[in-house]
Amino acid sequence: MSEPRVRRAEIAIEQSHVDRVYTRLAELRSQAEAMRAKGYEIGHGAQREAVFEQASMLFERDMMVFHANQTLQTLDAEYEGLVFGRLDHTSSEKIYVGRLGIRDAEFDNLVTDWRAPAAAAFYQATAEEPMEVVRRRVIRCSGQTVLDVDDDVLIADAVPEDMQIVGEGALMAALGRSRGEKMRDIVATIQREQDEVIRAPWRGVTEITGGPGTGKTAVALHRAAYLLYRYRRQLGGAGVFVLGPSGVFTSYISRVLPSMGETNVELRALGEVLDGIAATRQDPAPLAAIKGSLRMRKVLGKALRDTPPGAPDEMRIVYKGEVLKLGRKELDKVRRKVHGHGGPPNRSRVRAAETLLEALADRAEENARTDGRTIDRAELIIELGERIDFHRFLVVWWPVLYPAEILRWLGDPARLTRAARGVLSRDEVDLLAASLAGRDRDWSVADVALLDELRVLVGPPPKRRRRPQQIELDAAPPARGSDGHGTHRPEHYDEYSHIVVDESQDLSPMQWRMIGRRGKYASWTVVGDPVQSSWPDPAEAAQARDQAFGARTPRRRYTLRTNYRNSAEIFDLAARVVAGHAEDGELPKAVRTTGLEPEVRVVERTGVESSVQTAAKELLDAVEGTVGVICAMDRVPEVRGWLAAQADERLKIVGSLDSKGLEYDAVVLVEPTELITESTTGRRVLYVALTRATQQLTVVASDRDWL
Ligand SMILES: Nc1ncnc2c1ncn2[C@@H]1O[C@H](COP(=O)(O)OP(=O)(O)OP(=O)(O)O)[C@@H](O)[C@H]1O
């Protein structure tokens, strides 16, 4: 038979199996729907029953409806591309691999879940170590239709007469396909080195490093799905937390986990870690470097011990006809004494009241001594302690503290100077104060870690007087859970069983502390590429990271070495730009060539705008999927203006730091030198931007310095 006819015949064979699977899926779906309907019926009848029966019927209803809904949700999430692989063993047994395990009515396997041990050979078998697999087949479907099949022969000698082999590499075909707005899962073409990481044991700390496009993010997400499948009992209840660099990024990866049936995952960006805040603004690099540094712990600790603005600097209270007075100096002394005990201020209000009463008693005793009288100290303390005017004073002198409020106080240079004495330089104080003055809801991403630190330092506000609005400063609620429906965990939940940190090379020490708080009981998967780091002090960050991990063991480390994203032509240019800033062997190898060299267009400064417009138009015409226009953070609004007339959904304008982790079919990179100068780690940021395109890259520059 000719090659196309063989292919058609093989597609038809797989189609008949895929048809069986979807027929079975429809059956399972209607069973779940029937169960849900029955559950509601039970609940309906409950009204007529006695109270006790009512309660148990309602419980039964809730359980039935819950399970039915879960089943339906999983079946729907897995619908697309449900079956994607097949293994033919030497024993002539065959198994189909898919997103979900499905049995027929006789309990025979129709599809094996990709995470099950029986499916491991699909990813791990090689010609050198075939694991008794003769042929591995990738099946590509759209909806219920098989579009194509693609084979690997692993034991050539064992191929039976009637076994047909087709295809020229599922991986290369997958890599060449155009990119949309959301990341795709790679479940059908996971490579062996990646599979090893995905299936690594769950305990301890698993570090994944590798250059751009080596699949670190994809691997980390598939690992989360795998761990939840294999260790549901240990990990499922408490949940998995996935941290990404930006909201754009979390939205980009948000489809991958639900597409694998995993909804018990909380997906958050760095600016959204603290409940109630969704920060997206990035500070300029020198400012972010101050805010992220561990030195800020000292500054914040001192700031909250300072006298709150507006606190009275004198106390007067009348006791038995005599005015007792405490001046500024005495009050400061009392304040220092209360703070001297340690403990969060919001938890120290009783101590503050007691210490203040003792000071008043001292004052009364002093007065009495000069007049030759004596006083009953205990009586004075009890009586004053019950007086309303004493409590009125206390609430303004020792107010409940809220993190946002304290950070705003530091916008006052005099106050910040006091808090930062011996810790920050004059210039740093000026920069920081200017950035915090008058802030309300528009916190920056780096501020969120400071607010979280303060949250712990001040302690929870007393329950009755709680003013939740004080910290809920942003109108937009953060995205919750990969299913977008929220996972209903308590506020500031810290009991996750597993934490995945993506783009970890950029976390500041203060951000590591923030994440560490949420992973007190967790095992970790940490993903990063040191060469892409935009954090200026790696040693300080490493120390904070180690502290977040605590004594957790074992620690295992994997390095991925193949770049699956960029064409070799594009990656060559990126590697040239970062040469001298990366160790030998730190850069990955790109495996795909397209024959399309990246274009560098050097134009007059005044010509940049029109050159960017032209390049964007050309690339939109040239590729099927998305085109990213990447520029310095400051330039984003301006570049948006330039391209406003080219309203095309496939065109995305993004700032350098926000381009982390993303990818496009084609990229227009605007003024590369600006990317270098806007950051303290210059070339690395440019390297990130240059490695976002899968097929085509055009650089528009008014100089050649960056080359
Ligand atoms: N085994 C695979 N099969 C198909 N596609 C893959 C595979 N591994 C990676 N890819 C694709 O390569 C691209 C890069 O993957 P990913 O974004 O996970 O890399 P990364 O290492 O996180 O990159 P970066 O550090 O640059 O953000 C994605 O489009 C991903 O789908």
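Me: What makes two strands count as a pair, and what counts as a strand here?

Reply: Two strands pair if DSSP finds at least two bridges between them; strands (E, at least two residues) and helices (H or I, at least four) are DSSP runs, numbered from the N terminus. This is a predicted model, in which local features need pLDDT of at least 70 and side-chain atom pairs count only at pLDDT 80 or more, while totals for chains, interfaces and linings use all residues. Residues are numbered from 1 along each chain as its sequence is written.

Me: In what order do the 6 strands of the open sheet stand, and what makes a strand an edge strand?

Reply: The order is 3-4-2-1-5-6, with mixed pairing; strand 3 (102–103) and strand 6 (145–153) are the edge strands, since each pairs on one side only.

Me: How do you know that strand 1 and strand 2 pair?

Reply: Strand 1 (residues 83–89) and strand 2 (residues 94–98) share 5 bridges in the antiparallel sense, where at least two are required, so they count as a pair. Within this pairing, Gly85 stands opposite Val97 of strand 2.

Me: Why are helix 9 and helix 17 called roughly perpendicular?

Reply: The axes of helix 9 (residues 285–292) and helix 17 (residues 426–436), lines fitted to C-alpha atoms over the stretch in contact, with angles from 0 to 180 degrees between N-to-C directions, cross at roughly 95 degrees and come within 10 Å. Angles of 65 to 115 degrees count as roughly perpendicular, and the two helices are therefore described in that way.

Note on methods. Parallel < 35°, antiparallel > 145°, perpendicular 65-115°, else oblique.
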